[in-house]
Amino acid sequence: MPRRAFISLCPLLFALSAFAQPKGHLVIIGGGERGDELMKTIVRLAGGERAKMIVFTMATSYPQEVGPELVTEIKQLGVTEVRAMHLKREHADMDSVLQLLQGVTGVYFSGGDQSRVTAALKGSKVEARLHELYHNGAVIGGTSAGAAIMSEVMITGDLRRPVGDSSFNTIEAENVVTTPGLGFMKNAIVDQHFVRRRRMHRLLSVVFEHPQLVGIGIDEGTAIWVKPNQTFEVLGVSAVLVFDATRAQVSRTPGEYALHANDVRVHVLRRGAIYDLRSRKVKRMHAAKE
């Protein structure tokens with residue numbers, strides 16, 4: 001199929017896939033130090049010793065260092081078939097690259113700059129293949145920038161009107177720059193390094209502009225494990241915050257950027273908590289004590 005024709009079909013393919021129940025899992029890490037639990041979860045879901053994994057390093061400025069380090073880390077967890085790939089946009093439609101994704105059961109995106117990932121993959125055959133893998137049962141994981149790319153509305157990290165010493169000290173419209181992400185999560189917006197870097201204002205601004213989507217802020221050393229039934233479980237050492245404005249009244253000061261909202265739900269979830277993305281309800285606050 002010609003590349004132009006394929007790309008024109010991608011929105012239709014993704015729209016159709018939204019109605020299909022994915023069989024795969026997402027493990028979305030908020031950055032920082034990754035405890036063994038988080039990476040072991042990805043490896044286990046990918047098939048353990050039988051896993052075939054790909055590490056994508058497009059987000060980082062240092063792929064020659066980051067790629068081998070991640071490959072070594074995953075091999076130490078028992079996976080023998082794992083390789084790193086650093087793709088440019090012209091690679092992402094090559095049949096030879098698609099062939100390398102044949103039979104892959106686990107994909108991991110490194111940290112760095114999320115816009116580099118979407119610049120390389122958005123609208124490509126590789127992106128479509130990754131969605132196919134996910135819907136057929138593969139696990140897709142990522143940390144930091146690799147977390148941001150998971151949602152359909154992706155926070156780039158840029159602001160149109162930064163103020164003072166802090167980049168995130170206002171709740172305003174048309175300030176936080178977003179762009180289409182890879183869209184493994186259709187009903188949420190993901191933010192990372194959340195508590196550590198005080199990104200509440202940033203995520204609230206985006207949620208108020210997209211109130212049909214829940215905002216999920218994942219702190220460092222922490223992850224959400226999104227299961228095929230569209231619930232997620234919190235893993236790791238810190239917190240996940242969920243902002244739900246689906247029932248809220250959101251407005252804007254006439255002639256200004258200031259956003260107002262009432263009846264916004266906020267959940268602070270820790271290890272073992274389970275949240276249902278469909279019903280927008282917390283299903284479990286604590287895991288059973290061991």
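Helices (H or I, at least four residues) and strands (E, at least two) are DSSP runs, numbered from the N terminus. Residues are numbered from 1 along each chain as its sequence is written. This is a predicted model, in which local features need pLDDT of at least 70 and side-chain atom pairs count only at pLDDT 80 or more, while totals for chains, interfaces and linings use all residues; side-chain values use heavy atoms, with hydrogens and water left out.

**The whole protein**

Start with everything in view. There are 8 helices and 17 strands here. The C-alpha trace spans about 55 × 55 × 40 Å along its principal axes. The radius of gyration (taken over C-alpha atoms) is 19 Å, which agrees with the value near 19 Å for a compact globule of 290 residues; that globule rule is 2.2 Å times the number of residues to the power 0.38.

Now colour by burial. Buried means under 20% relative accessible area, exposed over 50%, and partly exposed in between (1.4 Å probe, protein chains only). Of the 290 residues, 54% are buried.

**Stop one: helix α2**

Select residues 36–46, which form helix α2. Its buried residues are Leu 38, Met 39, Thr 41, Ile 42, Val 43, Leu 45 and Ala 46. Just after α2 comes Gly 47, with a positive phi of about 120 degrees.

**Stop two: Tyr 108**

Next, pick Tyr 108 in strand β4 (residues 106–109). Is Tyr 108 buried or exposed? Tyr 108 counts as buried because its relative accessibility is 0%. Show its neighbours, not counting residues up to four places away in sequence: Tyr 108 touches Met 39 and Ile 42, among others, and also Arg 34, Phe 56 and Gly 141.

The side chains of Tyr 108 and Arg 34 make one at 3.5 Å. Then try a distance: Tyr 108 and Leu 26 lie 82 residues apart in sequence, and 9.9 Å apart from C-alpha to C-alpha.

**Stop three: Arg 198 and helix α8**

Move to the loop between β8 (188–192) and α8, where you will find Arg 198. Arg 198 is not a glycine, yet its phi is positive, about 55 degrees. With 66% relative accessibility, Arg 198 counts as exposed.

Now select residues 200–209, helix α8. Because 7 of its 10 residues are buried, α8 is largely enclosed by the rest of the structure. Those buried residues are Arg 202, Leu 203, Leu 204, Ser 205, Val 206, Val 207 and Phe 208.

**Stop four: Glu 233**

Glu 233 sits in strand β11 (residues 231–236). At 15% relative accessibility, Glu 233 counts as buried. Which side chain does Glu 233 join through a polar contact? Its partner is Lys 227, at 2.9 Å. Other residues touched by Glu 233 include Trp 225, Ile 274 and Arg 284.

**Last stop: Asp 263**

Finish in the loop between β14 (259–262) and β15 (265–269), at Asp 263. Its phi is positive, near 65 degrees, in a residue other than glycine. Asp 263 has 48% relative accessibility and so counts as partly exposed.

Methods: A polar contact is a pair of N or O atoms within 3.5 Å; within protein, one must be able to donate a hydrogen and the other to accept it, and residues adjacent in sequence count only if both atoms are side-chain atoms. Contact means heavy atoms within 4.5 Å.
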